[in-house]
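Hi everyone, thanks for coming. Please take a moment to look at the sequence and the structure on the screen, and then we'll walk through them together.

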Amino acid sequence: MAFAVTSSSAIRSSLSSPLEQQPKAAQVCAFQPDRHHLPQAVVNFSRRRCAVKPLNAEPKRNDSIVPSATTFFAHEVVEKIGLEDFDILSKELENASPLEIMDKALEKFGNDIAIAFSGAEDVALIEYASLTGRPFRVFSLDTGRLNPETYKFFDDVEKRYKIRIEYMFPDAAEVQDLVRNKGLFSFYEDGHQECCRVRKVRPLRRALKGLRAWITGQRKDQSPGTRSEVPVVQVDPVFEGLDGGIGSLVKWNPVANVKGNDIWSFLRAMNVPVNSLHAKGYISIGCEPCTRAVLPGQHEREGRWWWEDAKAKECGLHKGNIKEESLNRAVHANGTVQETDLFNTNCVVNLSRPGIENLLKLKRRNEPWLVVLYAPWCQFCQGMEQSYVELAEKLTGSGVKIAKFRADGEEKSFAQQELQLGSFPTILFFPKNASRPIKYPSENRDVESLTAFINALR
């Protein structure tokens, strides 16, 4: 695969155009890779030569090269940087700007690194790469199920930066087998992992096998449960690079420490084109069936795979982020690990399994109850903790009991069968004069919305 290559000669002088307007294409020139443009202290592992020419040397795109999609020019070996060196480098760059991190990544790896572009706000990566003035490559995964707006956005980006995004596609036979055997929407019933594995993970694996490093748009604030510890650079813990084996691929995350609001401020300032879905309430954007707009106050990842548990909200591209249910634990000085619980206040009743079973059995209750089914490792449960505690304090003495029931682990099967648990958090209202609890239907979990729900049923 021949990746797109560009360079930028100057930063645009006018920053005043509104985000909604599509800017004119940046003044860029085609870059013909050769040894004079490659850094001298690059990371390299072999003198292997490549049969695929750079994109700009080809008269037209040749889809037949997709199986070897990310095979690039090779350059001479000068030194091999190991795992420990990148740990040190990550610490050195911890407070560096995204532009500085991007520049360092492109300097070190030259033609052997590429930006992974998803068609969302990670267009900021392409803008940063352009501003370095260095050549860069961009690839994207076309799953075959993206929104029309995303395809239009890809075209806008190509025209803006005068590049050709190199698309990776899933294996047609694998997609055919999956759809014929399980239907078009099997992920709603048995989880998204199998579909993502076929349409995203395996194509990505093929792409990365032709690289020694890749650049992603991961941020720590995107998904507190799975991305809160993302470093700015790391040896990829999951995927393999050109030379094969674990440790053969380096992963750069230039915007790891940048807040989402700051990314958008940068995009507006630079008048960068964006996916039109953002204006419709979409924040995190993936495939059309698995992405939806989020409500005000919701976390951006709640728009992805909303029918599943929070800890499953990774498609497999960044599987190395996921740790077993240790996402909300405290480590004490003596080395022991204790899980931190949620909703710890006297205003919230902590229900045991017998306690909630008794609540279920009652046909008439002395007062109505609002109960949250939660898991302490779930970032969405963590996200609603403050509003739920505030609600409990507000309703103290009102005649409504506010409670919690931990419904993961051994209690999950019971909660799914008896308490309508779909994903965490699930909120139930137990009326005074009705035995069956009523499930809160909205994902807007602020104090006002929950209060309105209670008042409508009490």
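Let me start with a question: which residue forms a salt bridge with Asp103? The partner is Arg134, and the closest N and O atoms are 2.7 Å apart. By salt bridge I mean a side-chain nitrogen of Lys or Arg within 4 Å of a carboxyl oxygen of Asp or Glu. This pair links distant parts of the chain, with Arg134 in the loop between helix 3 (123-132) and strand 4 and Asp103 in helix 2, 31 residues apart.

Before going on, a word about what we're looking at. This is a predicted model, in which local features need pLDDT of at least 70, side-chain atom pairs count only at pLDDT 80 or more, and totals for chains, interfaces and linings use all residues. Residues are numbered from 1 along each chain as its sequence is written, and side-chain values use heavy atoms, with hydrogens and water left out.

Now the overall picture. The protein has twelve helices and 15 strands. Both are DSSP runs numbered from the N terminus: helices are H or I with at least four residues, strands are E with at least two. Of the 458 residues, 52% are buried. Buried means under 20% relative accessible area, exposed means over 50%, and partly exposed is in between, using a 1.4 Å probe and protein chains only. The protein exposes about 21300 Å², and carbon and sulfur atoms supply 49% of that area. Those areas come from the Shrake-Rupley method with a 1.4 Å probe, and for residues only the protein chains shown count as cover. As for contacts (heavy atoms within 4.5 Å), take those with a separation of 6 or more: residues 24 or more positions apart account for 74% of them.

Back to salt bridges. How many does a search of the whole structure find? It finds 19. One of these charged pairs is Lys220 with Glu94, at 3.3 Å from N to O. Lys220 sits in the loop between strand 6 and strand 7 (233-235) and Glu94 in the loop between helix 1 (83-92) and helix 2 (98-109), so this pair ties together parts that are 126 residues apart in sequence. Lys220 is partly exposed at 25% relative accessibility, and Glu94 is partly exposed at 29%.

Another pair is Arg353 and Glu411, whose side chains meet at 2.8 Å, N to O. Here Arg353 lies in helix 9 and Glu411 in the loop between strand 13 and helix 11, so parts 58 residues apart in sequence are tied together. There is also a network: salt bridges that share partners join Asp112, Arg212 and Asp243.

Next, strand 3, residues 113-116. Ile113 and Ile115 point one way, Ala114 and Ala116 point the other way, and all are buried. Strand 3 runs parallel to strand 6 (residues 213-215), joined by three bridges, and Ile115 has Ile215 as its bridge partner there. Strand 3 also pairs in the parallel sense with strand 4 (residues 138-141), over two bridges. Pairing means that DSSP finds at least two bridges between the strands. In strand 4, Val138 stands opposite Ile115.

Is Ala415 buried or exposed? Ala415 counts as buried, because its relative accessibility is 0%. Not counting residues up to four places away in sequence, Ala415 touches Ala407, Gln420 and Leu421. Ala415 and Leu373 are 42 residues apart in sequence, and their C-alpha atoms are 8.0 Å apart in space.

Finally, let's look at Phe185, which sits in the loop between helix 5 (172-182) and helix 6 (187-190). Phe185 is partly exposed, with a relative accessible area of 41%.
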